[in-house]
2 protein chains.
Amino acid sequence: MPRVLHQLKVDLGDRSYPIIIGQGLLGTSDLSSYVAGSQVMIVTNETIAPLYLERAKECFPGKTVDSVVLPDGERYKNWEVLNLIFDALLEKRHTRKTTLVALGGGVVGDMTGFAAACYQRGVPFIQIPTTLLSQVDSSVGGKTGINHPLGKNMIGAFHQPEAVLIDTDSLLTLPPREVSAGIAEVIKYGLIRDVDFLAWLEGNIDGLVDRQPEVLAEAIYRSCVCKAEVVALDEREGGLRAILNLGHTFGHAIETFAGYGNWLHGEAVGTGMIMAADLSEREGMINAEQLETVRALILRAGLPALPPQNMTPEDFLNLMAVDKKNVDGQLRLVLLQAVGNAVVTSKAASGNLDATLTHFCQRQ
Amino acid sequence: MPRVLHQLKVDLGDRSYPIIIGQGLLGTSDLSSYVAGSQVMIVTNETIAPLYLERAKECFPGKTVDSVVLPDGERYKNWEVLNLIFDALLEKRHTRKTTLVALGGGVVGDMTGFAAACYQRGVPFIQIPTTLLSQVDSSVGGKTGINHPLGKNMIGAFHQPEAVLIDTDSLLTLPPREVSAGIAEVIKYGLIRDVDFLAWLEGNIDGLVDRQPEVLAEAIYRSCVCKAEVVALDEREGGLRAILNLGHTFGHAIETFAGYGNWLHGEAVGTGMIMAADLSEREGMINAEQLETVRALILRAGLPALPPQNMTPEDFLNLMAVDKKNVDGQLRLVLLQAVGNAVVTSKAASGNLDATLTHFCQRQ
């Protein structure tokens, strides 16, 4: 029986939109009120299409619904595959009043959102994220984009959806590795600004790993609330929002080194958060016990705690230097002032950074 | 001796920017106050680079200035060539605080603006348009984008520049055909909402064709003022702004039919405006004498008055149907209520449209 468990509004003035979280929503919810025109183009991938495409189509009664199925994987988050969306839109003669729908994980969401941002200079889109990571990450923030061979997410746009529909049932078909990757981002929200949520997580991490529906819905809701608060305060990522990148500078370096798609984004962020906590400890911002708390929680989520075996400190430094978190050449990092309080700083002593990189690359 | 002849402000709230028009400005103006960071990437093409790149670099004292040179032509307004800009930015490690500079015509401007809209989800850019068309058209409006094999400008973004610098000297190296193509857009501003400017043009069209500097500067200024007024009233092209597309629906069909780059955009718009005037006359909105006024002015500017020889009414209808000016399948056209007053309508009788297409395709 379908039931809406949580609903929240992402408050962005005239670009505000709802996030609807529940069980059994796909195929039973009516999203047509979020579609201004008569045309809908559902973008999904070949893994998700056989599972959920038909049910997704039923969410748009009275509309002309077309679909395009992309190959599945981070390595397809590129221009050539993005262009399949434009091809489909133009071949089906979708006008500038069309609405795109992203049905899938973060890659589908990022690409569909970017296609919507660019098609005829901008059309609306709706998100139906089907992975835990995309439910707690890409559903809030309006970040869209594709990768470039020289860097992740280097080409993109800020583009807000009309609505986000999250069906926790879609997580039942998700591989366990991807559940863990999603939990990495959930833990992140606790670490950066919600010590109560972190305490709740320490008590419920096993329920999350086991995919208990109410635990999932609660974790997704609290994560979205946390991210929505941060994004509402800083929509264009000028300041505060950068704390959402906890673990991401190290993580992006790991992903790029490993080759897109070999490490899951959330796995790299999990390891990256331990590295950021390690550096925070060397900087005297948190103590050894707090560092261990972070590490233990990430390990309990089933996430890796060390970078790829053959990765060196030099690899990290080279790959972190092109990361977009840099401003005019200064390496800015998100560190933990406390467990539950992240800060952005460009003041970390390079000796401490070197020590962290050496420590993790020596696999101690 | 450098002299600023006109200056205007495009009023878009916190995205307002100046357009500076004059002689001898390239190489003598200091634009560094419009650059927030330390990095500048000048994007130009292989025709313009030997003429103006060094002088453009001198406009950014104290900044790190890199450049990327694209092949020249509308047929290169595609993703592969756009990617050369991203390659250059990433290879030179430009951060999200970089500023892009478009030095060239409309293609360079559209591509550089779109690259700026997408690089790391948006960086600032400055326009230095070097063709008459781009000076009077692309410098105002924030439209950026690239072509898709199935349609012109189908992929793009709205992105406003920090400033526009127009040096009329750069028109002295422009081929006469391109001068005429630019004059087509100048005439358009008179036709759509400025009957006084149209009268001025009838007295000064030969001076424009002869590239007299003061005449050029005046025509550019008045064109930019007209477009800026329209854009300020309707930044995202919801309503009024559509009148700027006078001649463009027919024109885009001609350009697409001929293959990008074989007809200049302004040439196609020139013919398209005569066709729009013809249809307006058939609709009883203007009289035969006014139609002849339009036709005569466009011919005096050295522009073609007929579509490609082998183009049929069916070609027009097919190509106009995917034009982005359509809303939910209805063909919207910009017609002349009077000379100096354009309107957008989807009410033109299809019989009259057919008659216009047949008339022009039979080359009468």
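In this predicted model, the side chains of Arg300(A) and Asp206(A) meet in a salt bridge, with 3.5 Å from N to O. The pair joins distant parts of the chain, since Arg300(A) lies in helix H10 (residues 288–300) of chain A and Asp206(A) in helix H6 (residues 195–209) of chain A, 94 residues apart. Over all chains, the structure holds 29 salt bridges. In general, side chains of opposite charge can pair when their charged atoms come close.

A second salt bridge is formed by the side chains of Lys227(A) and Asp137(A), with 2.8 Å from N to O. The two pairs are set out below.

| Nitrogen side | Oxygen side | N to O |
|---|---|---|
| Arg300(A) | Asp206(A) | 3.5 Å |
| Lys227(A) | Asp137(A) | 2.8 Å |

The domain assignment of chain A gives domain 1, covering 3–173, and domain 2, covering 176–361. Taken over C-alpha atoms, the centres of domain 1 of chain A and domain 2 of chain A are separated by 26 Å, and the contact takes 38 residues from domain 1 of chain A and 36 residues from domain 2 of chain A. The area buried between these two domains of chain A is about 3100 Å², of which 66% is given by carbon and sulfur atoms. On the side of domain 1 of chain A, the residues that lose the most area to domain 2 of chain A are Leu132(A), Val136(A) and Lys152(A), which together account for 20% of what that side buries.

Polar and charged pairs also cross this boundary: between domain 1 of chain A and domain 2 of chain A there are 3 salt bridges, and 8 residue pairs are in polar contact, both residues being at pLDDT 80 or more. The side of domain 1 of chain A that touches domain 2 of chain A draws at least two residues from each of strand S1 (3–10), strand S2 (17–23), helix H4 (132–136), strand S7 (143–148) and strand S8 (151–158) of chain A, and the largest share, 6 residues, comes from S1(A). By class, that side of domain 1 of chain A has 16 nonpolar, 14 polar and 8 charged residues.

**Annotated positions and a loop residue**

In an unreviewed entry, UniProt places the feature "binding site" at Glu185(A), His248(A) and His265(A). Although these positions are spread over 81 residues of sequence, they cluster in space, with a largest C-alpha distance of 10.2 Å. Among them, His248(A) is found in helix H8 (residues 248–258) of chain A.

Glu58(A), by contrast, has its place in the loop between helix H1 (49–57) and strand S4 (64–70) of chain A. Leaving aside residues up to four places away in sequence, Glu58(A) touches Gly27(A) and Ser29(A), whereas the C-alpha atoms of Glu58(A) and Leu12(A), 46 residues apart along the chain, are separated by 29 Å.

How values were computed: Residues numbered from 1 in each chain as written. Chains lettered and ligands numbered in written order. Predicted model: local features only at pLDDT ≥ 70, side-chain atom pairs only at ≥ 80, totals over all residues. Heavy atoms only, no water. Domains from an automatic or database assignment. Contact = heavy atoms within 4.5 Å. Buried area = accessible area lost by both parts, 1.4 Å probe. Salt bridge = Lys/Arg side-chain N within 4 Å of Asp/Glu carboxyl O. Polar contact = N/O pair within 3.5 Å; in protein donor to acceptor, adjacent residues only side chain to side chain. Helix = DSSP H or I, 4+ residues; strand = E, 2+ residues; numbered from the N terminus. Nonpolar A, V, L, I, M, F, W, Y, C, P; charged D, E, K, R; others polar. UniProt positions renumbered as here; feature names shortened; annotations may be inferred.
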